[in-house]
Amino acid sequence: MILGDLLGRTVECDGRRIGYVLDARFVLRDGQNPGRAPAELVGLVIGPRRRAAFLGYERIGVDRPRVISRWLAHRHRGSFLVDIDDVVELDDVVEVRSGFDRWSPLLP
Amino acid sequence: MSKIFGVALGILTAIGGFVDIGDLVTNAVVGSRFGLSLVWVVVVGVIGISLFAHMSGKVTALSGRATFDIIRERLGPRAALANLTGSMAMTLLTLMAEIGGVALALQLLSGVVPVAYVLPVALLLWLVLWRVKFSILENVAGLMGLLLVAFIVALFQLGPDWGELGRQVVQQTPDTGENGLTYAFYAVALFGAAMTPYEVFFFSSGAAEDHWTKQDLWLSRLNVLIGFPLGGLLSIAIAGCAAVVLLPAGIGVSSLSQVVAPVGVALGVAGLVVVLVGVLAATAGAAIETALSCAYSIAQFAGWPWGKRLRPSQAPQFHAVLLGVIVIGCLVMLSGIDPIMVTEFSVVFSAVALPLTYFPILVVANDPQYVGENTNGPLLNLVAMIYLVIVMVAALAAIPLMILTNMGA
Amino acid sequence: MSDRLPRHPEHGGRLIDAELNLLDRQILDRDGHPMLAVGDLVLERDDDGRWTIDRVILGSGLTTRFFGAHRPLATRDTLDWHVVTDVGYVLNTDAERDEVAALWRERWWRDQVISKIPGGNHDPG
């Protein structure tokens, strides 16, 4: 599967659209240095707008200049992270099981 | 000792390198029609370019990434490509104006029509870029450009009524019968001439060419805080000379000879030769910078190896682009198109293209991923945000004003 | 905004987001020289049903898309994920430049044009 095809896909739960795939989160299990560590998909960042540019804000704790950061936050309110185990299907439409957990999309 | 020398060299180069054909023509035109009432725009422009150059230099010194690499990464390839197209068009236009400027200076020094010089100038430009080391290019052009100080000397020699000049600066509105729209148009043009985007591509990429690191940041600040304002003073002197000699006589500026005429009046033929060599150096230096900026931008966007610090065979596509833009610039100028007219378009489009690169740099200068703990302080951000508004207003107003005033006629 | 949502428990490793940390990043070869940018990523499923990054697609593919073709998944345009040695503001790899097929255009310009101009192989300055 090509990641670029996954980004922007509609995400549904119980037949209802809950957002679009904005990003995909991976974990590199061998600690800080990825050197040869496999990158495993562990979650999807989902948001109300398709293909919106975060420009780095609200994801890694960057919040200056405040005016820009607040404007972007407003555009992307309602974004959240979904654990890959809550994803039932990764096809033309991404299906998420009911009762899924919403996590913060902030990258620690 | 050599450190002081290095610092002095950097500052002097920044002063001499500040002025290009856009500044020469626009300041002279403004001086001949509005006196010194638009000096405030030069001040605003100098602060803006200092801010812009400082932020982009900081980002490159700390992260090793240069402007268009960052823009591609932040905005994604499609938006970055649109951005690149706009910036490139403007930089290419400026390159053409600079080649024309060199040819015009040579015409005034030798009496031969400028079109005859276009091909040799372009060839020499490419040869110099092919073989000469980056630091030498930077320094020689910048130092020789200092000869433009002749404008400052000339202004004093003309013995103007300083009180009158001062009044024009403070009053900010001209006495002549120019209407508000034309005033606004020239304000935008002067702003575009002072705050040229290509300067920033060059500054940022140059930081990588010179292998700047965190330790060199203070040097960058010095260059910017001293060099650019002094360069701005040169611009004001050009306008001042025009205000003192051309304005009272009602002489308009439509060619390079009118731009330098006041220096001839004040300092005679010797002064004229000196200032023309200065113009030659400043425009040649700017031609080098704009050609490199085009190649830097495209190569950084595409992810190719780039830079004068590599062997040409290690950065082949970068050098191919460099050759390509010089060929295009040369072909266009060979058509005999008036370089002054090309210059006037280039400064207006500079203003239009400015937000494209200013905004991503502002964002990234605040991103710890790129600059570590050296993110913009609150004061810097406040000023930078004010300038974001100024830059966007200028960009939106530029083309309508250009059309409404028929290019400031 | 998203501060109100709880933080996901630790995964036991470093987290990166594709769009934020990987896509469109500059890729460097073994010697630290730029080698195109990350255009896209190819994910594969392993035996346990987990998706991992298998390959990195080099270059934005904008030229191909401009002419209407969908990006072909030719292996020559990709790098194996395991050659990536570090992910920061660039992707460091230990790829040997001349072995990367995707750089054919660069080699063409080098061999057919730049090397043929006198001085093309000289050290700068």
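Strand β2 (residues 16-28) of chain A pairs with β3(A) in the antiparallel sense over eight bridges; two strands are said to pair if DSSP finds at least two bridges between them. In β3(A), A:Ile46 is the bridge partner of A:Val21. The model is predicted, and local features need pLDDT of at least 70, side-chain atom pairs count only at pLDDT 80 or more, and totals for chains, interfaces and linings use all residues. Residues are numbered from 1 along each chain as its sequence is written, while chains are lettered from A and ligands numbered from 1 in the order in which they are written.

**Chain A**

β3(A) also pairs with strand β4 (residues 80-83) of chain A, in the antiparallel sense over four bridges. Here A:Val45 stands opposite A:Leu81 in β4(A). Nine of the nine residues of β3(A), which covers residues 39-47, are buried, so this strand is largely enclosed by the rest of the structure. A residue counts as buried if 20 or more other C-beta atoms lie within 10 Å of its own, as exposed if 12 or fewer do, and as partly exposed in between, with C-beta atoms placed from the backbone.

Chain A has two helices and six strands, and from the N terminus its elements follow the order α-β-β-β-α-β-β-β. Helices (H or I, at least four residues) and strands (E, at least two) are DSSP runs, numbered from the N terminus.

**Chain B**

Helix α14 (residues 339-364) of chain B has 26 residues and reaches 36 Å from its first C-alpha to its last, close to the 38 Å expected at 1.5 Å a residue; the expected span is 1.5 Å times one less than the number of residues. A kink of about 40° lies at B:Ala353 in α14(B), shortly before the proline B:Pro355. The bend at a residue is the angle between axes fitted to the seven residues ending there and the seven starting there. Of the 26 residues of α14(B), 23 are buried, and the helix is mostly covered.

Helix α8 (residues 162-171) of chain B has one buried residue among its 10, so it lies largely in the open. Just after α8(B), B:Gln172 takes a positive phi of about 65°.

**Chain C**

Chain C contains three helices and seven strands, in the order β-α-β-β-β-α-β-β-β-α from the N terminus. Strand β7 (residues 90-93) of chain C has C:Val90 and C:Asn92 pointing one way and C:Leu91 and C:Thr93 the other way, and all are buried. In a regular strand the side chains alternate between the two faces of the sheet.

| Strand | Sense of pairing with β7(C) | Bridges |
|---|---|---|
| β2(C), residues 26-28 | parallel | three bridges |
| β6(C), residues 84-87 | antiparallel | three bridges |

Within β7(C), C:Asn92 is the bridge partner of C:Leu28, and C:Thr93 is the bridge partner of C:Val84. A hairpin of two residues joins β6(C) to β7(C).

**Burial by chain**

Of the 108 residues of chain A, 40% count as buried. For chain C, with 125 residues, 40% count as buried.
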